[in-house]
Amino acid sequence: MKRTLATLILTTALATPLVAQETPLSGTVAEIFGTQIVLTTPEGRLLVTLPEGATVPTPGTRLDLTGTRTGDTFAAATLTAGPAADPAEAMLPAALRGLGLTDIRSRPDDDGETYFYARSGTGWLRAEARGARLLEVQVDGAGLPPALIDAMLPAAVRAEPRLAEIARLTEIDLDDDGEISVEGFSADGMRIEIEFSRNGTLREYDRELDDRRSLSEAAARDRLAALGYTDVGFIERGGRHVTALAINPFGDTVEVRLDDQGRVARERLWQN
């Protein structure tokens with residue numbers, strides 16, 4: 001009797017299909033590949049297979065999904081589309097979409113590259129791109145968003161132990177020859193620069209005191225406001241100067257440089 005009961009229970013269990021637990025997922029469409037999309041989420045980028053018969057959303061559209069996640073892929077069962085991103089965000093390279101950037105400004109140059117400035121939730125971001133390829137990103141304030149770091153750095157670079165010493169990663173530069181450079185600051189304020197080869201091999205490592213004599217970001221913003229500049233955006237600190245994007249007292253958008261004494265060393269019209 002006991003053996004018969006156990007056999008019946010096992011047979012019933014095997015005959016009952018296992019239902020995979022569906023999980024929610026939200027993000028912004030970055031790229032489209034037929035019935036699959038790349039979705040930018042706070043945790044990183046995922047390859048999503050859309051539900052059968054679903055309308056393919058346009059890049060920049062906000063999606064709320066349910067489905068099954070396996071590693072970096074997601075099979076969607078349901079899809080709810082929100083409003084598309086504003087046209088300025090749609091012009092951004094894919095890696096910059098879905099990060100919640102606002103006040104987006106862009107300027108092409110004569111070499112075929114485009115410069116972007118935008119406000120993030122923790123400060124300002126500056127980026128340089130050639131076509132759809134993102135070449136360089138910098139931030140003031142807090143570090144780069146984790147999703148952007150994952151999108152720009154290959155796995156071999158992200159796995160380098162020395163990279164973990166950077167508590168605030170502020171710059172990534174992808175050279176034309178494949179070299180990868182990163183810059184940031186350790187928890188104790190040391191400035192760290194690391195260079196990698198195309199395949200992620202460590203090439204250079206520098207860790208030194210941040211001895212720049214230029215105005216701090218906060219001091220530069222205060223000084224620019226006192227000089228009549230408004231809408232001050234991204235600020236880049238050099239050794240003895242700072243450069244900022246702002247609107248001058250005449251209403252022009254300009255790149256303005258202050259020396260270490262807070263004097264205007266240069267002002268250049270910034271063409272939109």
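Is D231 buried, partly exposed or exposed, and what is its relative accessible area?

A: D231 is partly exposed, with a relative accessible area of 36%; buried means under 20% relative accessible area and exposed over 50%, with partly exposed in between (1.4 Å probe, protein chains only). The model is predicted, so local features need pLDDT of at least 70 and side-chain atom pairs count only at pLDDT 80 or more, whereas totals for chains, interfaces and linings use all residues. Residues are numbered from 1 along each chain as its sequence is written, and side-chain values use heavy atoms, with hydrogens and water left out.

D231 sits in the loop between α5 and β14; helices (H or I, at least four residues) and strands (E, at least two) are DSSP runs, numbered from the N terminus. The phi angle of D231 is near 50°, a positive value in a residue other than glycine.

The side chain of D231 meets that of R105 in a polar contact of 2.6 Å. Such a contact is a pair of N or O atoms within 3.5 Å; within protein, one must be able to donate a hydrogen and the other to accept it, and residues adjacent in sequence count only if both atoms are side-chain atoms. R105 belongs to strand β6 (residues 102-108). In contrast to partly exposed D231, R105 is buried, at 13% relative accessible area. Leaving aside residues up to four places away in sequence, R105 touches Y115, F116, Y117, W124, D231, L245, T253 and W270, where contact means heavy atoms within 4.5 Å.

D103 is partly exposed at 39% relative accessibility. D103 forms a salt bridge with R119, the closest N and O atoms being 2.9 Å apart. This pair links distant parts of the chain, from D103 in strand β6 to R119 in strand β7, 16 residues apart. R119 is likewise described as partly exposed, at 32%. A salt bridge is a side-chain nitrogen of Lys or Arg within 4 Å of a carboxyl oxygen of Asp or Glu, and by this rule there are 19 salt bridges. In general, side chains of opposite charge can pair when their charged atoms come close.

A further salt bridge joins R221 and D140 (3.3 Å, N to O). R221 lies in helix α5 (residues 217-226) and D140 in the loop between β9 and α3, so the pair ties together parts that are 81 residues apart in sequence. R221 is partly exposed, with a relative accessible area of 22%, while D140 is buried at 7%. Salt bridges that share partners join E113, R130, R133 and D176 into one network.

The nonpolar interior remains to be described. A nonpolar core is a set of buried Ala, Val, Leu, Ile, Met, Phe, Trp, Tyr and Cys residues joined through side-chain atoms within 4.5 Å. The largest such core has 29 residues, of which L96, L134, V137, L148, L153, I172 and V182 touch the most other members. At least two residues of this core come from each of β7 (113-120), β8 (123-130), β9 (133-139), α3 (146-152), β10 (168-174), β11 (180-185) and β12 (191-196). Apart from this core lies another, of 12 residues, including A220, L224, Y229 and V254. In soluble globular proteins, nonpolar side chains tend to be buried together.
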